Amino acid sequence: MKYLKLPDGKTRILPFYLAMEEYAAQIIGEDDIFFMWQVEPTVIFGRNQLIENEVNLDYCREHGIHTYRRKSGGGCVYADMSNIMFSYITRSDNVQFTYAAYTHAVVAMLKGLGLNASDTARNDILIDGLKVSGNAFYHLPGRSIVHGTMLYDTDMANMMNAITPSAAKLQANGVQSVRNHITTLSQHLGISIEEFKDYVKRTMCSGEIELGPADVAKIEDIMQTYLKPEFIMGSNPRCNVRRSVRIEGCGEFEVALELYHNVIKRINIGGDYFLVGDFDSGIAKRLEGVPYTKLDVARALAGVDVSEIIMNLNNKQFIHLLFD
């Protein structure tokens, strides 16, 4: 695996690094690419999340915390210069396999430091049972991209106040403090953040690719797609059916249905779930014009394996989202 290096030591805004992932996936021919990055205080929310449900926008404005959307699924994340973001790009179409392989590799790297590290079935990496890293992924043609946090240290007050946990999450967590569920590497290691980054690079990579000014300019072009207000704010259709459901092992779902004479005109599902396929063509388009009944929806999805589009969610559970 090659380490992707920028030609300077500048700290850029978060969308630049997301665009850098895309650039690496589209342009660079290596099978496996990895890089680390840090940003000024920023909240990044998942592709399918409703920003007003997930982010304390007033707090972020008052404290100069940036807010951006990413193209991967999953939940809301706070990042600052005291923690590290990891990006992994590989030549693969099997997103779930790639994701598992990546988290296993990170766990092995942490164990090399003598840490009691493990990973969960969904998206977390733990030390002594406490979360130290959350990850998300998405797919481009022929490539899989995994990215996530690695909490070396962080401003805990900003983390807890900038992100607004949902009632479902609070209930699932027994209304316990975020502090009781996470840990930081600084509590377990006697090395600096720069020493840790050097260890990660030496352990996970064998060589590097250095980008030039022309590459940076192309990345900045891609970055513009992340800065469009319509992308950051997302798409919330007007609806007359709205449901919020949490399914263990799958995530939270905010279902919005626009109906006309009890026929589905439009469907949107927000939340922190993970897409592993094309929701628009695989599900949404199939349900447009379908009567809003369990039987008709089930017939419209005949031949579709929902778990191949939404991670860990089966067809029966999907019907439950829409009706029960």
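In this predicted model, the charged end of lysine 71 sits over the ring of tyrosine 226, at 4.7 Å from the ring centre. The protein contains 12 helices and 14 strands. Its radius of gyration is 20 Å, close to the 20 Å that the globule rule gives for 324 residues, so the protein is as compact as a globular protein of that length.

**Overall fold**

- Along the principal axes, the C-alpha trace of the protein spans about 60 × 45 × 35 Å.
- Of the 324 residues in the protein, 51% are buried.
- Among contacts in the protein with a separation of 6 or more, 70% are made by residues 24 or more positions apart.

**The sheet β12-β13-β14**

- Three strands form an open sheet in the order β12-β13-β14, and their pairing is antiparallel.
- Strands β12 (241-247) and β14 are the edge strands, since each pairs on one side only.
- On average, and with direction ignored, neighbouring strands of this sheet are turned by 20° against each other.
- Helix α12 packs on the sheet and touches β12, β13 and β14. The direction of α12 makes about 140° with that of β12.
- In strand β13, 8 of the 10 residues are buried, so this strand is largely enclosed by the rest of the structure.

**Pairing of β12 with β13**

- Strands β12 and β13 pair in the antiparallel sense over 7 bridges.
- Across this pairing, arginine 246 stands opposite glutamate 252 in β13.
- The two strands β12 and β13 form a hairpin with 3 residues between them. In the turn, glycine 249 has a positive phi of about 85°.

**Pairing of β13 with β14**

- Strands β13 and β14 pair in the antiparallel sense over 8 bridges.
- Isoleucine 267 in β14 is the bridge partner of leucine 257, and isoleucine 269 in β14 is the bridge partner of valine 255.
- A hairpin with 2 residues between the strands is formed by β13 and β14. Histidine 261 in this turn has a positive phi of about 55°.

**Aromatic pairs and clusters**

- The structure holds 11 aromatic pairs.
- One of these joins phenylalanine 253 and tyrosine 273, whose ring centres are 5.0 Å apart. The planes of the two rings are at 10°, below the 30 degrees required, so the pair counts as stacked.
- Phenylalanine 253 lies in strand β13 (residues 251-260), whereas tyrosine 273 lies in the loop between β14 (263-271) and α10 (279-287). The pair therefore ties together parts that are 20 residues apart in sequence.
- Both phenylalanine 253 and tyrosine 273 are buried.
- Tyrosine 292 and phenylalanine 323 have ring centres 4.5 Å apart and planes at 20°, so this pair is stacked.
- Tyrosine 292 belongs to the loop between α10 and α11 (294-300), and phenylalanine 323 belongs to helix α12 (residues 315-323), so the pair ties together parts that are 31 residues apart in sequence.
- With a relative accessibility of 15%, tyrosine 292 counts as buried, because the limit for a buried residue is 20%.
- Tyr3, Phe34 and Phe86 form one aromatic cluster.

**Charges over rings**

- Arginine 12 lies over the face of phenylalanine 16, at 4.7 Å from the ring centre.
- For lysine 71 and tyrosine 226, the distance from the charged end to the ring centre is 4.7 Å.

**Residues with a positive phi**

- Most residues other than glycine have a negative phi.
- Aspartate 128 has a phi near 55°, a positive value in a residue other than glycine. Aspartate 128 is placed in the loop between β8 (124-127) and β9 (130-140). At 47% relative accessibility, aspartate 128 counts as partly exposed.
- Asparagine 312 has a phi near 70°, again a positive value in a residue other than glycine. The loop between α11 and α12 holds asparagine 312. At 39% relative accessibility, asparagine 312 counts as partly exposed.

Terms used: Residues numbered from 1 in each chain as written. Predicted model: local features only at pLDDT ≥ 70, side-chain atom pairs only at ≥ 80, totals over all residues. Heavy atoms only, no water. Phe/Tyr/Trp six-rings, centres within 6.5 Å; stacked < 30°, edge-to-face > 60°. Helix = DSSP H or I, 4+ residues; strand = E, 2+ residues; numbered from the N terminus. Buried < 20%, exposed > 50% of the residue type's maximum accessible area, 1.4 Å probe, protein only. Lys NZ or Arg CZ within 6 Å of the ring centre and 35° of its normal. Pairing = 2+ DSSP bridges. Axes fitted to C-alpha atoms, helices over the stretch in contact; angles between N-to-C directions. Contact = heavy atoms within 4.5 Å. Rg over C-alpha atoms; globule rule 2.2 N^0.38 Å.
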